[in-house]
Amino acid sequence: MEIRIRSGGHDMEGRSFVSEVPFVILDMINFSQATVDAEAKTAWVGTGATLGILYYSIAEKSPTLAFPAGFCPTVGIGGHLSGGGYGALFRKYGFASDNVIDARIVDVNGRILDRKSMGEDLFWAIRGGGGASFGVIVSFKVQLVDVPEKVTVFSIHRTLQQNATQLIHRWQYIAPKFEKDLHLYINAGRTSYLTGENSSQDGRNISLGASFKAFYLGRVDRLLSLMQESFPELGVVREDCIEMSWIQSVLYFFGIPIDSPENLLNRTITKTYVKFKSNYVQAPIPANGIEGIWKFYYEKEGENSEVIMFPYGGRMAEIPESETPYPHRNSLFSLSHELFWPEEEAQNTDKYLSWSSRIYNYLTPYVENSPRASYYNYRDLDLGVNNLKGKTSYEQASIWEYELA
């Protein structure tokens, strides 16, 4: 009998609620409280809460406090923090797991342990090494971080005809070197998917491009100055930029009205099929390598998909790789691709999975591949699974080893 521990139910491979053998679900949804101490700049949050619940609770207490975690408010706290957790603030303050300062975990003997009683080794492991392998985490204590009253955002789309390939190529050299206050990331794929705008869908006339999205811990004048100094090719102008509060930026990047923070409390997830695969890049991809990615997006399976590029550097490069189980801090950027298809396309699942595998294989020469690196929270069963029957030996599991510096 297996146990599946479900936090937000956001598992990329559904392993928090399915199994090939008899199992029970330990649903943490009733551990969904978030208690914020604005004066101490800390919060205790249950592992059944979502990021949205935590963000909303922080904003209720202070307009100048935040927590450096993911963009998607429906993600569960338990899995997100125990596997790492990155978002708009990670170049400034590190991963969500870097800002965990205590936890409560129930061990195999039913004891409730905090950081002191569990010991530093276990506390190290549950901040990036996954939580479900070590016990049942019921809550985390997190360090909140300072943000200004106003931040600045923009989202600019550039098509292939507007030099998207050259802009992505240039971005690799500058985005990881920006000051910590600026996070400029990329979503690339079909223009219709990235912007919601109608575009020609006739074979090779499909419009492809990249959306450059910025989050800046400061006002618009300074952001414009930074972009003009380092990335004038993108052509950012004042009209592209919007100043808003941090909590409004959370809503902005999730694509919901920025003046409705109560929407962060909504746990509803649209039912769809999804496949995520992730990579880490150590050296810039040549322009012809980027050009080769586009061909996949002319295929039908690429209609509801995107490549996501997150620059590292900043605070991430300052934290030693051995500080937590997360070993990819010195990457140039992460490169993930996500693919969605609707229920009515369920009979074509194999085609979609094949498409995902082909773009993954194409990227092999350009990403860290010895061994192939992957983000823990983007669970990918293609990389291997434990034995369904009997124990999995350390020798078998050694194929997933990643040597920490």
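## A salt bridge across the sequence

In this predicted model, arginine 358 is partly exposed, with a relative accessible area of 35%. Arginine 358 forms a salt bridge with glutamate 299. The closest N and O atoms of the pair are 2.5 Å apart. Glutamate 299 is also partly exposed, at a relative accessible area of 25%.

What does this pair tie together? Arginine 358 sits in helix H12, while glutamate 299 sits in the loop between H10 and S15, so the bridge ties together parts that are 59 residues apart in sequence.

## Other salt bridges

How many salt bridges does a search of the whole structure find? The search finds 23. One of them joins arginine 4 to glutamate 2, with 3.1 Å between the closest N and O atoms. Arginine 4 is buried, with a relative accessible area of 15%. Glutamate 2 counts as partly exposed, at 30% relative accessibility.

Arginine 115 and glutamate 120 also meet through their side chains in a salt bridge, at 2.9 Å from N to O. Arginine 115 is partly exposed, with a relative accessible area of 28%. Glutamate 120 counts as partly exposed at 43%. Elsewhere, a network of salt bridges links Glu13, Lys275, Lys277, Asp380 and Asp382.

## The seven-stranded sheet

Seven strands form an open sheet. Their order is S13-S10-S12-S11-S15-S16-S14, and the pairing is antiparallel. The edges are strand S13 (242-244) and strand S14 (273-281), each of which pairs on one side only. On average, neighbouring strands of this sheet are turned by 20° against each other, direction ignored.

Strand S10 (residues 151-159) and strand S12 (residues 208-216) run antiparallel and are joined by eight bridges. Threonine 152 stands opposite tyrosine 216 in S12.

Helix H8 (residues 220-230) touches S10, strand S11 (182-190), S12 and S13. The direction of H8 makes about 40° with that of S10. Helix H10 (residues 287-294) touches S11, S12 and strand S15 (305-311). The direction of H10 makes about 110° with that of S12.

Helix H9 (residues 246-254) is mostly covered, with seven of its nine residues buried. Which residues of H9 are buried? They are Trp246, Ile247, Gln248, Ser249, Val250, Leu251 and Phe253. Their cover includes helix H1 (51-61), strand S5 (65-66), S10, S11, S12 and S13.

H1 has buried residues too: Leu51, Gly52, Ile53, Leu54, Tyr55, Ser57 and Ile58. These pack against strand S3 (34-37), strand S4 (42-46), S5, helix H2 (77-83) and H9.

Serine 245 is found in the loop between S13 and H9. This serine counts as buried, at 16% relative accessibility. Leaving aside neighbours within four places in sequence, serine 245 is in contact with Glu149, Lys150 and Val151. Just after H9, glycine 255 takes a positive phi of about 80°.

## Backbone exceptions

Most residues other than glycine have a negative phi, and most peptide bonds are trans. Lysine 41 has a positive phi of about 60° although it is not a glycine. Lysine 41 is placed in the loop between S3 and S4. This lysine is partly exposed, with a relative accessible area of 32%.

Asparagine 163 also has a positive phi, near 70°. Asparagine 163 lies in the loop between S10 and helix H6 (164-174). At a relative accessible area of 44%, asparagine 163 is partly exposed.

Where is there a cis peptide bond? One joins serine 370 and proline 371, with omega about 0°. Proline 371 belongs to the loop between helix H12 (349-362) and helix H13 (394-397).

## A buried proline and a surface patch

Is proline 327 buried or exposed? Proline 327 is buried, because its relative accessible area is 10% and the cut-off for burial is under 20%. This proline is found in the loop between helix H11 (315-318) and strand S16 (333-341). The C-alpha atoms of proline 327 and tyrosine 185 are separated by 21 Å, and these residues are 142 residues apart along the chain.

A nonpolar surface patch of about 420 Å² is made by Met1, Ile3, Val24 and Leu26. Methionine 1 lies in the segment before strand S1 (2-6). Methionine 1 is exposed, with a relative accessible area of 76%.

Technical notes
Residues are numbered from 1 along each chain as its sequence is written. Side-chain values use heavy atoms; hydrogens and water are left out. Two strands pair if DSSP finds at least two bridges between them. Helices (H or I, at least four residues) and strands (E, at least two) are DSSP runs, numbered from the N terminus. Axes are lines fitted to C-alpha atoms, for helices over the stretch in contact, and angles run from 0 to 180 degrees between N-to-C directions. Contact means heavy atoms within 4.5 Å. Patches are made of residues with over 30% relative accessible area and no salt bridge: like charges are joined within 9 Å, nonpolar side chains (Val, Leu, Ile, Met, Phe, Trp, Tyr) within 5 Å. Accessible areas come from the Shrake-Rupley method with a 1.4 Å probe; for residues, only the protein chains shown count as cover. A salt bridge is a side-chain nitrogen of Lys or Arg within 4 Å of a carboxyl oxygen of Asp or Glu. Buried means under 20% relative accessible area, exposed over 50%, partly exposed in between (1.4 Å probe, protein chains only).
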